[in-house]
Amino acid sequence: MPMSPAEIATLRELMEFEAKRTAPPEGFPPLPDIPAGRYTDPRFFTLEQEHLWRKSWLLAAHIDELPAKGDFLLWESAGQPVLLVHGDHGAINAFYNTCSHRGAPVVTEPRGNRRRFTCPYHGWSYNRDGELMAVRDPEDFCDLDLSQRGLKSIRCERFGNIIFVNFDHDAPTLFDWLGPLAAEWEEFQFDNCRLAARHVFDLNCNWKIAMEANTEVYHVRSIHATTVAPVLDDRRNVNTLYPNGHGRMVAPMPAGKQTIEIMPVPPDIAQIDSVGEIGRTCTQSYGVFPNWVVPLSQYVIPPLLFWPNGIDKCRMETWTLAPAWKEGMRPDLWTENNGAELCAVLQEDTQFGEKIQKAMQSYGFHGVPLSYQEARIYHWNQSADRLIGIENIPPELRVAQVIGDEWIYPNDPRRRLLQSRRGATGD
Ligand code: FES
Ligand SMILES: [Fe+2]
């Protein structure tokens, strides 16, 4: 379903509302400083490991990476050894790559195809559904119940062609986790887009520093003065805050401009036909809790993912999904020379990461005062604390829960205000 005409009209009105306002909207709370320790304190890093990465739905793979029955992929981006397997009945299964005998890794290659997964240590053998099928010398075990000794499974669900895992068996479904995003993304055809490019880059900063550079438009005129700024009207940007920490920005292009001007995609690339007016004429970018950002358009679905690699290092993954491309013309929004280096815009975004990390680790840094424009970052932090469990966080590392549910979609005082103005003028 494309975005409705009424919703498009409301977004356009909200853009003008944002451009005209002379202060944050009435009732929007002052945002207390984000404690510095959330970027530098090993205690917060440990809390993220124990809760955030363990309870969130994490984007792990694209179906094109394991298209046939028996294809497998070893996935360790979240710090846990995860074996993704294309099962016999079409589902993608996820298991810990940990043998139920004495804990050896069942596979050691990054990818391949198997009918059975036979542990290299003592030869226990599992099928594609993780069931233990045979052990060597079974007569030497007393009461070994094979049905209880399969590979330990991990939640694994798909949205279109992209595959998510969640280490928490009590987590909501992926569909519930995504909430309104699932319907809003229908027009972008996640079920029809193929994986064109996927690369990884090491950065020397906390993963949130790297991600937050893509979670606000306040930096655009400084960092992207000649690249993004000419095609993005940041004063008309409209942020939306969704349940579970997700967020969206929609900013129009100045008249006569097109984002294709800064997108290094082949000019004749196949388009995602169902993308509506906002996707075609605005920068529409989602922040998906906990660790990815995706600007969506009629050309590509290009997630940027951020993974911690220690408290002061991270890995950024750059993906490009597209409906189709000509032989030898694979679109890759984010890199040059097939992953050899980052594109100009991402070089601008990442250039200060290491220096910011060092500056944040100084005695002089205590916290981050965020503006209304940067509210998506605050919303992310509030949601992170709820997932971690506020009582688990030392008080000096918490963020106050000041953005109330009245600001979380579908609630939005700005929309109510527009409605009442319309009512007043009889429109
Ligand atoms: S550890 Fe796998 S068979 Fe022994
Ligand atoms: Fe940027």
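# Exercises on cavities, a sheet and salt bridges

The largest cavity in this predicted model has a volume of about 140 Å³.

**Exercise 1. Find out which residues and elements line the largest cavity.**

Step 1: Start at the centre. The lining has 16 residues, and Met211, Thr215, Gly287, Arg376 and Trp380 lie nearest the centre of the cavity.

Step 2: Look for the elements behind them. Helix 6 (207-212), strand 15 (282-288), strand 16 (292-296) and helix 11 (375-388) each give two or more residues to this lining. Helix 11 provides the largest share, with 4 residues.

Step 3: Sort the lining by class. You get 8 nonpolar, 6 polar and 2 charged residues.

**Exercise 2. Describe the lining of the second largest cavity.**

Step 1: Get its volume, which is about 100 Å³.

Step 2: Pick out some lining residues, among them Phe28, Asn239, Tyr372, Trp407 and Asp412. Strand 13 (residues 238-241) gives the largest share here, 3 residues.

Step 3: Sort by class again: 6 nonpolar, 3 polar and 2 charged residues.

**Exercise 3. Are Arg415 and Glu7, partners in a salt bridge, buried or exposed?**

Step 1: Confirm the pair. The closest N and O atoms of Arg415 and Glu7 are 2.9 Å apart. Arg415 sits in helix 12 (residues 413-425) and Glu7 in helix 1 (residues 5-20), 408 residues apart.

Step 2: Apply the cut-off: buried means under 20% relative accessible area. Arg415 has 14%, so Arg415 is buried. Glu7 has 19%, so Glu7 is buried too.

Step 3: Widen the view. Both belong to a salt-bridge network that also includes Glu18, Arg21, Asp412 and Arg414.

**Exercise 4. Work out which parts of the chain the salt bridge between Glu184 and Arg248 ties together.**

Step 1: Take the distance, 3.3 Å from N to O.

Step 2: Glu184 lies in helix 5 (residues 180-184) and Arg248 in strand 14 (residues 247-252), so the pair ties together parts 64 residues apart in sequence.

Step 3: Check burial. Glu184 is buried at 18% relative accessible area, and Arg248 is buried at 2%.

Definitions and conventions
Residues numbered from 1 in each chain as written. Chains lettered and ligands numbered in written order. Predicted model: local features only at pLDDT ≥ 70, side-chain atom pairs only at ≥ 80, totals over all residues. Heavy atoms only, no water. 1 Å grid on protein atoms, 1.4 Å probe; cavity = no way out; pocket = protein on both sides within 12 Å on 5 of 7 lines; lining within 4 Å. Points joined across faces, edges and corners; volume = space filled by probe spheres on them. Nonpolar A, V, L, I, M, F, W, Y, C, P; charged D, E, K, R; others polar. Salt bridge = Lys/Arg side-chain N within 4 Å of Asp/Glu carboxyl O. Buried < 20%, exposed > 50% of the residue type's maximum accessible area, 1.4 Å probe, protein only.
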